Amino acid sequence: MVNLTKLAATVNRTHITAPYSANSIRKLLDGSKYVHKESQKIITPSWFVGASRRCDGSIHLKTALSAAPYIGNIQKRLSSSAAVDSSKSTIVPDFSGYKKHSGPNTSRTFTYLMVGATGTLTAAGSKAFVTDFLANLSASADVLAMAKVEVDLAKIPEGKNLTIKWRGKPIFIRHRTPDEISEANSVQLSELKDPQTDAERTKNPEWLVMLGVCTHLGCVPIGEAGDYHGWYCPCHGSHYDISGRVRKGPAPLNLEVPEYSFENETKLVIG
Amino acid sequence: MDARNNGLEKFSRSVYRTIFRRNSVFMVGIFATAFAFEMAFDTATDRWWDRMNKDKQWKDIKDRYSQ
């Protein structure tokens, strides 16, 4: 194909007047022998198919010789007196420095390694984001420090109440007498509005710890008062018994029992 | 293939076969690596922070105010 097109380019030159005999053609080809030798290096000449860089720097697309424009390499070649080496007119850069030298397995493994590294960083980053965000929502150290209250139980004699403040609310602590404990245990669950045994409401029957907020509308009940010798809410007349259970009045529930624990015999921690 | 790449190619192929070929293994590897990476990263950054803030944090000056 190279030879044929060379030939075509050559015989199309206008100043050739000789008849197209085999002899004259051979003479032409002999005269441009070096062209063939040089162009053997290029499998398809750039001026025949594909895009090439023109001498003025612009990209020029060629599909076939027949579509050759007037300006450009072909025109120059056609107007020259002899067939010109095509490799001289098109400068092909040396791309060997940009070529990949690793094999297919290495490329594939490298690609997967990059994908895995991206996944690793994404997983670690999103986990850190979520945990930091949730940690931001939780209570800070100063809030947690205020959330607990310690009470010295040794200072409360039997049969006495102590009211302390915990998280802005009153806490009732009663040191109950054995009589009061047995009274609290003697109540039938069926007669209670909010059935709860005394054992459910206390960790140590001797100590009753509860939130001093009436479950009706949030007043603070009065201790050692009411029809059941427990607490009495003056706002709307709710009566609580010695275990803090509602017995009479509009309150729907028993007095709430907070989270608490006995650190030792005399130390109570609320919260 | 280039002769000097043979060792790398063999290594790459064995890595691919052991880790990347099964997606389950790949994912488990990603999460395990993320776990290890996070531990190492947190330890390193905490150590760096403590070094930059030496004698400024409560844990450094706590002894001066001990009861």
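Which residue takes a positive phi in the hairpin of β4(A) and β5(A)? Hold that thought; first, some ground rules.

This is a predicted model, where local features need pLDDT of at least 70, side-chain atom pairs count only at pLDDT 80 or more, and totals for chains, interfaces and linings use all residues. Residues are numbered from 1 along each chain as its sequence is written, while chains are lettered from A and ligands numbered from 1 in the order in which they are written.

Now the answer. It is A:Arg167, with phi near 55°, in a hairpin that has two residues between the strands. A:Arg167 is a residue other than glycine. Helices here are DSSP runs of H or I with at least four residues, strands are runs of E with at least two, and both are numbered from the N terminus. A:Arg167 sits in the loop between β4 (161-166) and β5 of chain A. Those two strands pair in the antiparallel sense over six bridges. Pairing means that DSSP finds at least two bridges between two strands. One example: A:Asn161 stands opposite A:Arg174 in β5(A).

Is A:Arg167 buried, exposed or partly exposed? We count other C-beta atoms within 10 Å of a residue's own, with C-beta atoms placed from the backbone: 20 or more is buried, 12 or fewer is exposed, and in between is partly exposed. A:Arg167 has 14, so it is partly exposed.

A:His229 also has a positive phi, about 60°, and it is not a glycine. Find A:His229 in the loop between β7 (222-225) and β8 of chain A. A:His229 counts as partly exposed because it has 14 C-beta neighbours inside 10 Å.

Step back to chain A as a whole. It has nine helices and twelve strands. Of its 271 residues, 20% count as buried. Next, contacts: two residues are in contact if their C-beta atoms, placed from the backbone, lie within 7 Å. Take the contacts in chain A with a separation of 6 or more; residues 24 or more positions apart account for 49% of them.

On to the core. A nonpolar core is a set of buried Ala, Val, Leu, Ile, Met, Phe, Trp, Tyr and Cys residues joined through C-beta atoms within 7 Å. The largest one has 17 residues, and A:Ile173, A:Val209 and A:Met210 have the most contacts inside it. Which elements give two or more residues to this core? They are β5 (169-175), β6 (207-211) and β8 (230-233) of chain A. Five bridges join β5(A) to β6(A), and the two run antiparallel. Look across that pair: A:Ile173 stands opposite A:Val209 in β6(A). Leaving aside neighbours within four places in sequence, A:Met210 is in contact with A:Phe172, A:Gly244, A:Leu255, A:Glu256 and A:Val257.

Next, the end of the chain A strand list. Strand β3 (residues 149-152) pairs with strand β12 (residues 267-270) in the antiparallel sense, over four bridges. There, A:Asp152 has A:Lys267 as its bridge partner. β12(A) is also joined to β11(A), by three bridges, and these strands run antiparallel. A:Tyr260 has A:Ile270 as its bridge partner in β12(A). A hairpin of four residues makes the link from β11(A) to β12(A).

One loop residue before we leave chain A. A:Pro250 lies between β10 (246-248) and β11 (260-262). A:Pro250 is partly exposed because it has 14 C-beta neighbours inside 10 Å. Not counting residues up to four places away in sequence, A:Pro250 touches A:His216, A:His236 and A:Ser238.

Now chain B. It has three helices and zero strands. Of its 67 residues, 4% count as buried. Helix α2 (residues 23-52) of chain B has 30 residues and reaches 42 Å from its first C-alpha to its last, close to the 44 Å expected. That expected span is 1.5 Å times one less than the number of residues.

Last stop: where the chains meet. The contact takes 15 residues from chain A and 18 residues from chain B. The chain A side has four nonpolar, nine polar and two charged residues. For those classes, Ala, Val, Leu, Ile, Met, Phe, Trp, Tyr, Cys and Pro count as nonpolar, Asp, Glu, Lys and Arg as charged, and the others, Gly among them, as polar.
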